[in-house]
Amino acid sequence: METINDIRVRFAPSPTGLLHLGGVRTALFNYLFAKKYNGTFILRIEDTDRTRFDENSVENLISSLCRLGLDYDEGPYKEGDSKPYFQSERLDMYHKHAKQLIDNGQAYYCFCTKDELDDMRKKQEIAKETTKYDGRCKNLSDTEIQAKLEAKIPFVVRMKIPSDTVFDFEDLVRGNVQIASDLVEDQVILKADGFPTYHLAAVIDDHYMRISHVLRGEEWLYSTPKHLFLYQAFGWSPPIWVHLPLLLNTDRSKLSKRHGDFSVSTYLDAGYPKEAVINFVALLGWHSADDRELFSLGELIQEFSLERITKSAAIFDITKLEWMSGWYIRSLPLQEVAHKCRVYFEKEGIDIHDEVKYLKVISRARDQINKLPDITLHAKMFYTETPLNQECSEIVQQDISQKVLTWFVKALQEGEEPMDKEAIQILVSKCSAELGIKGKALYFPLRIALFGDCHGPDIPLLIDLYGKQESLSRLHKHIL
């Protein structure tokens, strides 16, 4: 495996809602990259948007990562030398650096009101111009600025983007990117409430946390010039940029992070195994060298490479997640699946005290599901006796059916224990031979008496699941 030294990456979500699948992908790619090269994976909470801040979201972010097994090396409740990890606790640092930019002529106070800004943008839209701040406060005199500050007129601080400049940078996914400064707004970096915007806070924190690579969504690509401007203004070296492709719905509309259906907790709570969710998310914009699709987390760490992140948008296809989920349910250790499923049987009030029977039921039923909660739909019939419909009732009362049931009960009682499925199949074949009965006339009465329907699992499987005594009890009830 190739070696890359001193990898430090971060996942820096904003706690304004549930952790979205797009956020999970960002966290996962950062995690995989750090783990592959023995680097450091940092969780940083970017809580500077106080109007949308949701305290419960912080716990959801952390618990969702834990549920997925994406353990961070530094972050809330796991402090390292880069603390604190909440941006709201780093305000003094942001204010100090904003003042440095103002003093150096690389940022300026802006006293425009919301109404003034709305009117400016409306006029730009009518004129079909690029809607961005027009810099009207950029050239205020020191006297004007001081007077407004002394009058306590609300202000923000904006970066002063140079004109007639091209921002030129390399992105590991996009290659060389060039963006003219005319397209870059004098972005607000310090808001009227004293909190920084993402742009200032992220650059400062990434520098002091010694972040080597920034892996983030493609939507941030055109903000990179603003960040490069700040790195240059402070005299710092920027990190390596890696912008991940957009996530789209199957209709190619953008996957909205404000849509609750796309939160990771929704999928975990719905019963998709975490292994399936991780595997599915890993392939949203990345592919292995041989286009293999099924990976454990450990295998993803070994296989992951920034060079195989795709440029084209990734399509969120729920049918693929369901396929992966079913595969994992069938492939995980039986005891693990049985443990995960107990809660669903308890909710249905199904008595699963017989551990041997329970494991056999799980072994069969898991082959038919893609989500864990569906297990009881394919298992509860083994714990209840289904009332017979008229057709089944008529079949089981026929003379030929009674002969089959009577013969089988006697033979089953006399059979030596334990009776495995192979021994039971021999018994079924013997019944057919001695009575001269075969096909539906043989199988329907046995299956109806055991299962409650003429269609269902094979007779050996049913008797193996129920055990000898319960099978005899069910058969006896239908002998007239």
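Which helix holds N30? In this predicted model, N30 sits in helix α1, which covers residues 21-36. The report returns to that residue after a look at the whole chain.

## The chain as a whole

The chain carries 19 helices and 11 strands. Its radius of gyration is 32 Å, whereas a compact globule of 480 residues would have one near 23 Å. The C-alpha trace spans about 110 × 50 × 40 Å along its principal axes.

Among contacts with a separation of 6 or more, 73% join residues 24 or more positions apart.

The chain exposes about 23300 Å². Carbon and sulfur atoms supply 49% of that area. As for charge, there are 60 positive and 72 negative side chains. The centres of these two sets lie 1 Å apart.

Is N30 buried or exposed? N30 counts as buried because its relative accessibility is 0%, and the cut-off for buried is under 20%. The side chain of N30 reaches the backbone oxygen of L215 at 3.3 Å. L215 is also on the contact list of N30, together with V9, R10 and F41. That list leaves aside neighbours within four places in sequence.

## The loop between α2 and α3

Helix α2 covers residues 55-68 and α3 covers 91-103; S82 lies in the loop between them. With a relative accessible area of 4%, S82 is buried. Which side chain does the side chain of S82 meet in a polar contact? The partner is the side chain of R8, at 3.0 Å. Beyond four places in sequence, S82 is in contact with R8, E74, R90, M209 and R210.

P84 is placed in the loop between α2 and α3 as well. The peptide bond that leads from K83 to P84 is cis. Its omega is near -5°.

## L117 in helix α4

L117 belongs to helix α4, residues 114-126. It counts as buried, since its relative accessibility is 15%. Setting aside neighbours within four places in sequence, L117 is in contact with C112, Y133 and R158. D134 is 17 residues from L117 along the chain, and their C-alpha atoms are separated by 9.3 Å.

## Two residues with positive phi

K128 is found in the loop between α4 and α5, the latter being residues 142-150. Phi of K128 is near 55°, a positive value in a residue other than glycine. K128 counts as exposed because its relative accessibility is 79%, and exposed means over 50%.

D164 is found between two strands, in the loop from β4 (156-159) to β5 (166-171). D164 is not a glycine either, yet its phi is positive at about 55°. At 72% relative accessibility, D164 counts as exposed.

P273 is in the loop between α8 (264-269) and α9 (274-282). Its relative accessible area is 3%, so P273 is buried. Which residues does P273 touch, not counting those up to four places away in sequence? They are S325, Y328, I329 and L332.

S296 is found in the loop between α9 and α10, where α10 covers 297-303. S296 is partly exposed, with a relative accessible area of 34%.

## C-alpha separations

| Pair | Apart along the chain | C-alpha separation |
|---|---|---|
| L117 and D134 | 17 residues | 9.3 Å |
| P273 and A151 | 122 residues | 59 Å |
| S296 and K477 | 181 residues | 48 Å |

The P273 and A151 pair is separated by 59 Å. For S296 and K477, the value is 48 Å. Both can be read against the overall span of the C-alpha trace, about 110 × 50 × 40 Å.

## In brief

N30 is buried at 0% relative accessibility, and its side chain reaches the backbone oxygen of L215. S82 is buried too, at 4%, and its side chain makes a polar contact with that of R8. K128 is exposed at 79%, as is D164 at 72%.

Technical notes: Residues numbered from 1 in each chain as written. Predicted model: local features only at pLDDT ≥ 70, side-chain atom pairs only at ≥ 80, totals over all residues. Heavy atoms only, no water. Helix = DSSP H or I, 4+ residues; strand = E, 2+ residues; numbered from the N terminus. Rg over C-alpha atoms; globule rule 2.2 N^0.38 Å. Contact = heavy atoms within 4.5 Å. Areas by Shrake-Rupley, 256 points an atom, 1.4 Å probe, with all protein chains shown as cover. Lys, Arg positive; Asp, Glu negative; His and termini not counted. Charge placed at Lys NZ, Arg CZ, Asp CG, Glu CD. Buried < 20%, exposed > 50% of the residue type's maximum accessible area, 1.4 Å probe, protein only. Polar contact = N/O pair within 3.5 Å; in protein donor to acceptor, adjacent residues only side chain to side chain.
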